[in-house]
Amino acid sequence: MSSVDESWEIKDMTQATLTQTAGTSATIKNLKCKECGMEYDAKAIHICEDNCFGPLEVSYDYEALRRQVTRETIQAGPNSIWRYRPFLPVSTDNFIDVGTGMTPLVKSHRLARRLGLKNLYIKNDAVNMPTLSFKDRVVSVALSRARELGFSTVSCASTGNLANSTAAIAAHAGLDCCVFIPADLEAGKVLGTLVYNPTVMAVKGNYDQVNRLCCEVANTHGWGFVNINLRPYYSEGSKTLGFEVAEQLGWQLPDHIVAPLASGSLYTKIHKGFQEFIKVGLIEDKAVRFSGAQAEGCSPIAQAFKEGRDFVTPVKPSTIAKSIAIGNPADGIYALEIAKKTGGNIESVTDAEIVEGMKLLAETEGIFTETAGGTTIAVLKKLVEAGKIDSDETTVAYITGNGLKTQEAIQGYIGEPLTIEAKLDSFERALERSRTLERLEWQQVLV
Ligand SMILES: *Cc1c(COP(=O)(O)O)cnc(C)c1O
Ligand SMILES: [Zn+2]
């Protein structure tokens, strides 16, 4: 982009001063193949082109991290994911800070009691900034790196939330933006992308077809695709969901986490986040069980887990949980490894259970999540009922998106307002009617 937006320059200079205590030297080393270990310069590539075609992951100078970072330097940083900058794959302080991250970790009382859990927490990314899903974390990181690598146009293959984040944060940073989504997405997700005025390609096909098309475009157009050629950087942003929970629990790890799985990236990076904090001595080592949630209509990882396979067979998605409907998950095998290694479970639930999960979280905790969050809560419930989460385990459920974006999913499953005249007796009659109805419903439940 030729016209540099002055406002971010000024803002980022403030950030630079703020983060100086955290050390300004770069800790990012290079990219490393997860399969064969071959190393690459930290450019815009995501697979091991010279050898095995495995996925590449960012590696860091952990000795430098150990020297630079303390609990105090982190706490002195910004109130966003950038307080963890030395653990994120950028090489300057010129990152894009739109206030993403540091969402509430809520101690659950009513949902916990309902499920019979003593120590349940909700990590509430339904209120993450700026577009109300955890994707703002990964996109903030990916676009910061994209700018460092000199991209002027950014793009993504999205199930909805990623398009919202990419369009919003590109707008903030003054980058050109073109996003690709499946044509059948929820209205809220489409509108929540269009408002930022990017180019939106609605592809007639499912996410996996969108992704395939985008791989071709990435090769021919030289754009920065946050979840394709920039994927190694993008995915590191999810580590902050691990960092924040550890910090918010008072620099301790939980016993058990439950997170939704689409590509499996978020789930594996929470694990990497915990491991890195242990490695540099910020927290004590502890076994954490990793459980994962999928919608039955798109559950290739859960199916593989149940059958004890170490490979994932792609499926064709059909579920209301569109944001996690990836039939061919890129990080599926790594998610399986973590679930097995940590003694967790990967479980799936039906669309009806997902709706129930959304309502349950709303009614007990006052948190309106989207279908992905409904999936997580429904799986949490299923695992507790199956005795796979102990009542005294400190458990964190990751709520990754906001319910206002997927209103279609619960339309018809919730109550309706009582329409009345602007008169006291009209109100009294309506109130009496609703109480009678409630009594009748209770009697039915009791019968
Ligand atoms: C994308 C997404 C996920 C899962 O992401 P992966 O990292 O691909 O597993 C979970 N929840 C919501 C709301 C999402 O948009
Ligand atoms: Zn390799």
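How are the donor residues of the zinc ion (ligand 2) spaced in sequence?

1. The model is predicted, with local features needing pLDDT of at least 70, side-chain atom pairs pLDDT 80 or more, and totals for chains, interfaces and linings using all residues. Side-chain values use heavy atoms, without hydrogens or water.

2. The spacing of the zinc donors is C-x2-C-x11-C-x3-C. The SG atoms of Cys33, Cys36, Cys48 and Cys52 coordinate the ion at 2.2 to 2.4 Å (donors are N, O and S atoms within 2.8 Å of the metal, or 3.2 Å for Na, K and Ca).

3. The zinc site is tetrahedral because its four donor atoms subtend angles of 97 to 118 degrees; the class requires all angles to lie between 85 and 135 degrees. The ideal value for four tetrahedral donors is 109.5 degrees.

4. Ligand 1 is surrounded by 15 residues (near means a heavy atom within 4 Å). The closest are Lys135, Asn161, Ser263, Leu266 and Thr400.

5. Oxygen atoms of ligand 1 make polar contacts (N or O pairs within 3.5 Å). A polar side-chain atom of Asn161 lies 2.9 Å from one such oxygen. Backbone N or O atoms also take part, from Ala262 at 2.9 Å and from Leu266 at 2.8 Å. The protein buries 98% of the 390 Å² that ligand 1 exposes when taken alone (Shrake-Rupley method, 1.4 Å probe).

Definitions and conventions:
Residues numbered from 1 in each chain as written. Chains lettered and ligands numbered in written order. Polar contact = N/O pair within 3.5 Å; in protein donor to acceptor, adjacent residues only side chain to side chain. Tetrahedral: all angles 85-135°; square planar, octahedral: opposite > 155°, others 65-115°.
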